[in-house]
2 protein chains.
Amino acid sequence: MDIALLAHEQFPDRAKTALGVLRYGDQTVRAVIDREHAGDRVADHVPDVQDAPIVASMADVPDIDALVIGIAPIGGGFEASWRPDVRAAIERDCDVIAGLHYFLADDEEFAALAAEHDAQLRDLRRPPEDLTVADGTAGNVDADVVLTVGTDCSSGKMTASYELRDAAREQGIDAAVVPTGQTGVLIEGWGIVVDRVIADFAAGAVERLVEQAADEHDLLIVEGQGALGHPAYSGVTTSILHGAQPDALVMCHVAGRTAVHGYEETAIPPVDEYADLYERVAAPVRESAVVAGMVNTQSLREDAAERAIEAYADDLGVPATDPVRFGVDDVLEALR
Amino acid sequence: MDIALLAHEQFPDRAKTALGVLRYGDQTVRAVIDREHAGDRVADHVPDVQDAPIVASMADVPDIDALVIGIAPIGGGFEASWRPDVRAAIERDCDVIAGLHYFLADDEEFAALAAEHDAQLRDLRRPPEDLTVADGTAGNVDADVVLTVGTDCSSGKMTASYELRDAAREQGIDAAVVPTGQTGVLIEGWGIVVDRVIADFAAGAVERLVEQAADEHDLLIVEGQGALGHPAYSGVTTSILHGAQPDALVMCHVAGRTAVHGYEETAIPPVDEYADLYERVAAPVRESAVVAGMVNTQSLREDAAERAIEAYADDLGVPATDPVRFGVDDVLEALR
């Protein structure tokens, strides 16, 4: 499928969905739309993902099957300045795929235009209709279940999940990511965006995903969301922790980050305390230990990155790595 | 307002909403509908709440303004066997008030019938349309904020909240309950049923309630939901803990209960560990301590009840009581 990724003014650092698709998706990205970086190429900003031109608007995008909204602002709203590009895509008979809380299909203008042009509006965050409360049974599956957790939002949980999957597959293990967020659902073509589910059903949604995936794979890497000490998203984090009933946890952290992104008055606890907190909260439902650590060292030079990873591993007492920079072979052993 | 409470086959022990209204609501309950106990009176089962006859169906209910669904099954569904009573109520031009996940107003038969009879279908669990993520600001309010938490669902959090409110008011403190569940919302006439909110917005919903109530009252008692170690509902619990940013916690427990209700394979941790867990999870967002304990000793004789309360207080290292049996004056001091 040929797509364009809308990421106005946020590419690459704040365009998590766009980057995830560029790195792990099997779609062909024909263009990234970002009026601030128009004229550049993806490779000018991010070296190790598929390359594509960056353009100012849909008018400069070649033939595509779908426009994908590649940014996920806090709150999940739709920004008015994206409207002309979405409109232009529909008018070119392209589908539009979004993972926002705001559903494109419920937008009267887009819905009418899409009907006229036979374009699909796919809202990945729209939950299934038949969800219910968790039975507390995910721990009974035959597959090994690993959950990526974090010290903050956007701390590399999805990246860690995919790098672990790929490394496991290279070793011949039948591994799969269980997607719980809009990017994962977009990459996989299945899953549930758990933060959009009715709060009472969030653990039940994760349980369903784990039990489905366990029928087909031997190692499941459940993509975590949020963080246990996050002022807004901790409920989703806890629901995934208890809904998935993982055998092991992999804790992700951004090197040098000391406060919660967007909530700067809220400090991130020391990482050893944080790992302990995850284990303690997991325990009443299922004993689970942090067995590996992942650090995003993007902002550091190589020697500083190595020191940061070593310090993180020491603090946690488990192997650690930067999955993008140094691969995950060393920590994969810890999951077995 | 004159009402009847539907509680088929579940009155009194599993009819939490019905009991809450009988105990704390200012509605006049003209009848409880429970086909299993028809012919009894409420006072035959529960001595210390307003009395009413128990009848088999709407046919035996005197003139009322509204039928209230007084039971909240796990999963929040609507049971087919309640349909004749709801239909009969609407045909008598009564409103129907429910706190289910299943919305009566979305039921085609009920909606059509209600339109015909000019009856209102009020779904208390339907969330406001304009919720969003928490800003992490509830801790800044001027009011003192106390949150009731529990070692399980149905462990007395709502009861504790109302008993604390009433005792505080008797001492001249302007206290209010911040309702987060269907019964509290029904009693208060405002609030948000937090478990029905989009998971990402659950903490934001609680934050909004606290900030609203803080403008009008000096002491807020936020009604907690679920439990931190509950396999299905822990996400809602965590969202309330971080959304409300309470100054103090009051931990509720059912004497003798050792496993999570409905999840018997999940043990309830020792109460001192449980209190510690609440404090540790609260801490990254706001330091908060368990300052008092509440025990439901309904199943025990008086001397055993006193021993159970004493043991609970010893384990927690804070004052404790059974709020219904012995009042809350002793623990109220601990909140100041």
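Predicted model: local features only at pLDDT ≥ 70, side-chain atom pairs only at ≥ 80, totals over all residues.
Now show the side chains where they meet. On H9(B), pick Val271(B), Asp272(B) and Ala275(B). On H10(B), pick Tyr312(B), Asp315(B) and Leu316(B). Colour the contact of H9(B) with H10(B) by class: four residues are nonpolar, none is polar and two are charged.

Select H3, residues 83-91, and H4, residues 108-117, both of chain B. Here the angle is about 20° and the axes of H3(B) and H4(B) are 9 Å apart. Angles under 35 degrees count as roughly parallel, so H3(B) is roughly parallel to H4(B). H3(B) passes H4(B) in a right-handed crossing.

Which residues of H3(B) meet H4(B)? They are Val86(B), Arg87(B), Ile90(B) and Glu91(B). Facing them from H4(B) are Phe110(B), Leu113(B), Ala114(B) and His117(B). The contact of H3(B) with H4(B) divides into five nonpolar residues, one polar and two charged.

**Next: helix H8 of chain B**

Select residues 234-244 of chain B. Is this helix, H8(B), enclosed or open? Eleven of its eleven residues are buried, so H8(B) is largely enclosed by the rest of the structure. Click along H8(B) from Ser234(B) and Gly235(B) to Gly243(B) and Ala244(B); among the buried residues on the way are Ile240(B), Leu241(B) and His242(B).

What do the buried residues of H8(B) pack against? Some partners belong to chain A: its H7 and H8. The others belong to chain B: strand S7 (144-150), helix H7 (202-214), strand S9 (219-222) and H9. Then step just past the end of H8(B). Gln245(B) has a positive phi of about 45° there.

**Next: where the chains touch**

Show both chains together. How many residues of chain A are in contact with chain B? There are 35, and they touch 35 residues of chain B. On the chain A side, select helix H7 (202-214), helix H8 (234-244), strand S12 (263-267) and helix H9 (271-282). Each of these elements of chain A supplies at least two residues. H8(A) gives the largest share, six residues. By class, the side of chain A that touches chain B has 20 nonpolar, eleven polar and four charged residues.

**Next: the nonpolar core**

The largest nonpolar core has 235 residues. Pick out Val210(A), Leu220(A), Val210(B) and Leu220(B), which have the most contacts inside this core. Nonpolar side chains tend to be buried together in soluble globular proteins.

Now jump to chain A and select Val206(A), in helix H7. Buried or exposed? Val206(A) has 30 C-beta neighbours inside 10 Å, so Val206(A) counts as buried. Not counting residues up to four places away in sequence, Val206(A) touches Thr180(A), Val194(A), Ser239(A), Ile240(A), Gly243(A) and Ala244(A). For a sense of scale, draw a line from Val206(A) to Met58(A). The two are 148 residues apart in sequence and 36 Å apart in space, C-alpha to C-alpha.

**Last stop: the loop between S1 and H1**

In chain A, find the loop between strand S1 (2-6) and helix H1 (16-24), where Pro12(A) sits. A cis peptide bond joins Phe11(A) and Pro12(A), with omega about 0°. Glu9(A) is in this loop too. Its phi is near 65°, a positive value in a residue other than glycine. Most residues other than glycine have a negative phi, and most peptide bonds are trans. With 13 C-beta neighbours inside 10 Å, Glu9(A) counts as partly exposed.

Now select the loop between S1 and H1 of chain B, where Pro12(B) lies. Phe11(B) and Pro12(B) are joined by a cis peptide bond, with omega about 0°. Glu9(B) lies in the loop between S1 and H1. The phi of Glu9(B) is positive, near 65°. Glu9(B) has 13 C-beta neighbours inside 10 Å and counts as partly exposed.

Note on methods. Residues numbered from 1 in each chain as written. Chains lettered and ligands numbered in written order. Contact = placed C-beta atoms within 7 Å. Helix = DSSP H or I, 4+ residues; strand = E, 2+ residues; numbered from the N terminus. Nonpolar A, V, L, I, M, F, W, Y, C, P; charged D, E, K, R; others polar. Core = buried A, V, L, I, M, F, W, Y, C linked by C-beta atoms within 7 Å. Buried ≥ 20, exposed ≤ 12 C-beta atoms within 10 Å, placed from the backbone. Axes fitted to C-alpha atoms, helices over the stretch in contact; angles between N-to-C directions. Parallel < 35°, antiparallel > 145°, perpendicular 65-115°, else oblique. Left-handed = near helix turned anticlockwise from the far one by under 90°.
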